[in-house]
Amino acid sequence: MDEAEHGLHDLLLERLLADATVDDRVAGLVLAAWEGEDDLTAAFEGQPSAASDPRTSPQREQQPDAYLAAVHVEGFRGIGEPATLPLRPGPGLTLVTGRNGSGKSSFAEAAELALTGNSGRWSGRTAVWKEGWRNLHADGPTAVTVDLVTAGAPGTTRIERRWEPGSELDASRWTRQRSGEKREDFDGTQWRDDMSTYRPFLSYSELGALIDGKPSELHDALHNLLGLGPLGEAQERLRVTRKRLADDARAVGATRRVLRTELADVDDDRVMKAAALLKPTAPDLAALADLVAGIDDGDGEAPALAAVIALPVPDAATVAAATGRVRAAADRVHVLAGDEIRSADEVAALLRGALHHHDGRAVLTCPVCEQGTLDGAWREAAERRAEALEVAATELRQAASALDVAVAAARGLVDPLPELLRGPLPIDVEAIVGAWSAWVDAGRTPGAAELAHALDRAHAPLVEAADDAREHAQEELTQRDEVWVPIARRLSAWHDDAARVAAQSLRLTALQKAEEWLTSTAGELRGERLAPFAEESQRVWQLLRQQSNVDLGPVRLDGTKTRRRVEMDVRIDGTDGGTALGVMSQGELHALGLSLFLPRATVEQSPFRFVLIDDPVQAMDPAKVDGLARVLGEVSATRQVIVFTHDDRLAEAVRRLELSATVWEVQRQERSVVEMRRSDDPVKRYLQDARAMASTKELPADIRSELVASCCRSAIEAACHAKIRNVRLTRGDTHTTVEAAIGEATTTHKKATLAVFDDPDRGSDLLGRVRSVGTWAIDALQNCRQGAHRGLTGDLRPFVRDAEKLAEWLQR
């Protein structure tokens, strides 16, 4: 986030806090939309935003202030042998003049190509415009190079694009070399956005395109320049999110109506209930969910049919095994249950009693019959008999118990007639009810053998009847599901969508309020941010128009998406121009283009402290050339302004208006050899004026001497300014601090002290340092200071020569 975006964010926050109609949720959505898509999603879902304070969030790297120190060209366009355009880094106006074809515009294109990788001259045009970029007289490599002086970095940084012989335009090596460091590959990424936003280059072709080019390009440039990008992005995020939710809600409503229509004529109890639930615009979603899940099945027949299918009927193997165990147990009891075995327990007990009676006695008479003898032989026989009877009795009891278990297990296979079969069902269950009743009766049959027989006989009809009932129930369910299941799936999907939309309804309302508030506020903020730019454009136009009857009114950003454009209120003689652009002269259109370019390229937040303009004078009448000179003079007070022109009128206007400027003349010799000749600089101009005045006999001697001294003093001070700027900007000082230091040096002595020592506090050392150069230097400095007020006597020409030497020494 750059400085302009920070300021806009602060204004937005102030508006939110001051607006009592905006609640916290709406404000949170607005701020989250500014931060980004993820933050808006989190805020919309009620989650804490992951975004930090905008002032601590990652920001785009800010580039340091940069001035041009030189442009070097070799084998490019109209320049063959290596040639250099030297430039003084720092604020000031430089004019590069020369006839058409001299090679001056080659320097302009070279600087742009070296810094941006492209040229406004051929951008967006056919390939033929790129042809001939290599000079016809150059056999060696081609190179375009720019030396930059940047704040915070000592020395100069060199940016170069170099082509080997025979290589294509896109096959150059692009490098950067900072002072004292190795050369490194470079692609311009670090300032690509700034180059687009604050573009410091303006070619002749671009000058016209500012007005008649693509409307969206100028709109986007101003939009980004004013830091309005995040504002528009926030609006778009809110709009897209709100539209998506609104579209979801409309889709859910439309699907509900379609479902109601399609379900109206379906003969299915569940479908009819679903249609009834869908009738209200806000259906009972919980009831619909229960219906789809089967918890509520309309009339309940489907679960009953499912229960019929799941009726528990024992299989034939289970019944056969059970009845077989009953028969086997019964047969075992029958084998063991003879007359003797049935009384075995009683006889064994009687024998055990007799043995107990005989215990301790050798021979006894039987107490029952009083005839038999109970002796040892009897005792052994009785014990054997008692043990045999007891074993037989135990076997009989075990067999009887096993029979009881088998009978119980067999009877346990028989369940009562299910309540399900007693009620109404959508299928015929008479057969299974009869078979089940016979099965129940068979389970009540007395006698083990009879029970087994009855169960075996009743089981087969039951199985057959149950299978028939299951088959009929499955057929009924299948028929029903062929209608219900697809509908249930659609209802389930619609339910999920409707539940999501219902949960988002309150959030959607807040989102709509946030979008409405930001749309309204954005228009106000856009106007506030654009106003200073529009005012500066109008001010520049007033300086440039010079006798034009065209007035420039407010500049506005209008339209969205593909219709975005910059609107300008243009009036002719106070009357709304409407299509005034169509009747304006080419010179007026170019002046209008400059009115838009200069405020954009010279905003304070731009890292480029230079502007480079190629041929802005064409089609301008003399009055507008004067206006252009004044505008360039104003801009050069805070910017390095470099203007290329073949028209001598601009240089003449600069001299006539006594504007400070450095003038270079480009002269082209045979075989594209280019020479640079210094035409003017402030020091030389003041000294030339001093010589002219010294030779003028028409002026009184006292006035002539004061004027000569004043010109020499101005030359000395201009030399000091150049030295101060060169030293301080080269070592990395910012433009602001350099100009502040110059402004604080209010006298010639202070300016010379700062130029010589780079320390304003060493004023007492100045005369001694100047004296080391020679007494003539002291005399020249003193005469400059004093002669401007009291005049000088004698021949003034030696004084001018000494002042020139002093100025040269000060600039070393």
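Helices here are DSSP runs of H or I with at least four residues, numbered from the N terminus. The model is predicted. One such run, helix 8, spans residues 229–263 and holds both R237 and E233, which sit four residues apart, about one turn of the helix. Their side chains meet in a salt bridge at 3.7 Å, N to O. R237 counts as buried because its relative accessibility of 18% falls under the 20% limit, whereas E233, at 43%, is partly exposed.

The whole structure contains 32 salt bridges. Another of them joins the side chains of R77 and E109, at 3.2 Å from N to O. R77 lies in the loop between strand 1 (66–74) and strand 2 (83–86) and E109 in helix 4 (residues 104–116), so this pair ties together parts that are 32 residues apart in sequence. R77 is buried at 14% relative accessible area, and E109 is buried at 6%.

R691 and E804 also form a salt bridge, at 2.2 Å from N to O. This pair links distant parts of the chain, 113 residues apart: R691 is in helix 21 (residues 682–694) and E804 in helix 27 (residues 797–810). R691 is partly exposed at 34%, as is E804 at 27%. Elsewhere, R728, R731, D733 and D758 are linked in a network of salt bridges.

The largest nonpolar core has 45 residues, of which V326, L403, L421, I432, W436 and W439 touch the most other members. Helix 17 supplies the largest share, 12 residues. Helix 17 (residues 448–545) also contains E471, which is partly exposed at 45%. On the surface, E471 gathers with E464, D468 and E475 in a patch of negative charge.

How values were computed
Residues are numbered from 1 along each chain as its sequence is written. This is a predicted model: local features need pLDDT of at least 70, side-chain atom pairs count only at pLDDT 80 or more; totals for chains, interfaces and linings use all residues. Side-chain values use heavy atoms; hydrogens and water are left out. Patches are made of residues with over 30% relative accessible area and no salt bridge: like charges are joined within 9 Å, nonpolar side chains (Val, Leu, Ile, Met, Phe, Trp, Tyr) within 5 Å. Accessible areas come from the Shrake-Rupley method with a 1.4 Å probe; for residues, only the protein chains shown count as cover. A salt bridge is a side-chain nitrogen of Lys or Arg within 4 Å of a carboxyl oxygen of Asp or Glu. Lys and Arg count as positive and Asp and Glu as negative; His and the chain ends are not counted. The place of a charge is taken as NZ of Lys, CZ of Arg, CG of Asp or CD of Glu. Helices (H or I, at least four residues) and strands (E, at least two) are DSSP runs, numbered from the N terminus. Buried means under 20% relative accessible area, exposed over 50%, partly exposed in between (1.4 Å probe, protein chains only). A nonpolar core is a set of buried Ala, Val, Leu, Ile, Met, Phe, Trp, Tyr and Cys residues joined through side-chain atoms within 4.5 Å.
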